[in-house]
Amino acid sequence: MGKIDKYMKNQEIIQFLQPVSGVILLVLLVIFTIVSVVLHYHWTNYGISAEKINNVRFWYFGVAFILFFTIIINYIFTYF
């Protein structure tokens with residue numbers, strides 16, 4: 001019985017992860033925003049052609065939006 005008390009039970013793990021996962025999501029959003037700004041600056045100032053830059057931006061932000069939307073939907077349905 002003493003050995004079982006050392007470990008977190010499922011309910012305790014869920015109570016711990018709910019606020020932590022929200023903070024992690026916000027931190028990742030801030031990191032993504034910083035990386036996006038840096039990439040946008042790089043593409044604008046050091047890009048080869050406007051058409052190629054627009055194509056890269058479209059795919060980068062399109063895939064990022066789909067992934068972010070999926071993460072948000074998953075977070076909402078998991079914790080609310």
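**Note on a predicted helical model**

1. At 18% relative accessibility, Ser-21 counts as buried. Buried means under 20% relative accessible area, exposed means over 50%, and partly exposed lies in between (1.4 Å probe, protein chains only). Ser-21 sits in helix 2, residues 10-46. Set aside its neighbours within four places in sequence, and Ser-21 is in contact with Tyr-75 and Tyr-79. Contact means heavy atoms within 4.5 Å.

2. A word on the basis. This is a predicted model, where local features need pLDDT of at least 70 and side-chain atom pairs count only at pLDDT 80 or more, while totals for chains, interfaces and linings use all residues. Residues are numbered from 1 along each chain as its sequence is written, and side-chain values use heavy atoms, with hydrogens and water left out.

3. Next, confidence. pLDDT is the predictor's confidence in each residue, from 0 to 100. The chain has a mean of 83, and 90% of its residues reach 70 or more. Among the elements, helix 1 (residues 2-5) has the lowest mean pLDDT, 54. Helix 3 (residues 50-79) has the highest, 88.

4. Now the fold. The chain has three helices and zero strands. From the N terminus on, the order is α-α-α. Helices (H or I, at least four residues) and strands (E, at least two) are DSSP runs, numbered from the N terminus.

5. What are the dimensions of the C-alpha trace along its principal axes? The trace spans about 70 × 20 × 15 Å. The chain has a radius of gyration of 20 Å, but a compact globule of 80 residues would have one near 12 Å. The radius is taken over C-alpha atoms, and the globule rule is 2.2 Å times the number of residues to the power 0.38.

6. On burial: of the 80 residues of the chain, 9% count as buried. Ser-21 is a buried residue.

7. Last, the rings. The structure holds five aromatic pairs. Rings of Phe, Tyr and Trp (its six-membered ring) pair if their centres lie within 6.5 Å; planes under 30 degrees apart count as stacked, over 60 as edge-to-face and the rest as tilted. Phe-58 and Trp-59 form an edge-to-face pair, 5.4 Å centre to centre with 80 degrees between the planes. Phe-58 and Trp-59 are both exposed. Tyr-60 and Phe-61 also pair edge-to-face, at 4.9 Å and 80 degrees. Tyr-60 is partly exposed at 22% relative accessible area, and Phe-61 is partly exposed at 35% relative accessibility. Ring pairs link Phe-32, Trp-43, Tyr-60 and Phe-61 into a cluster.
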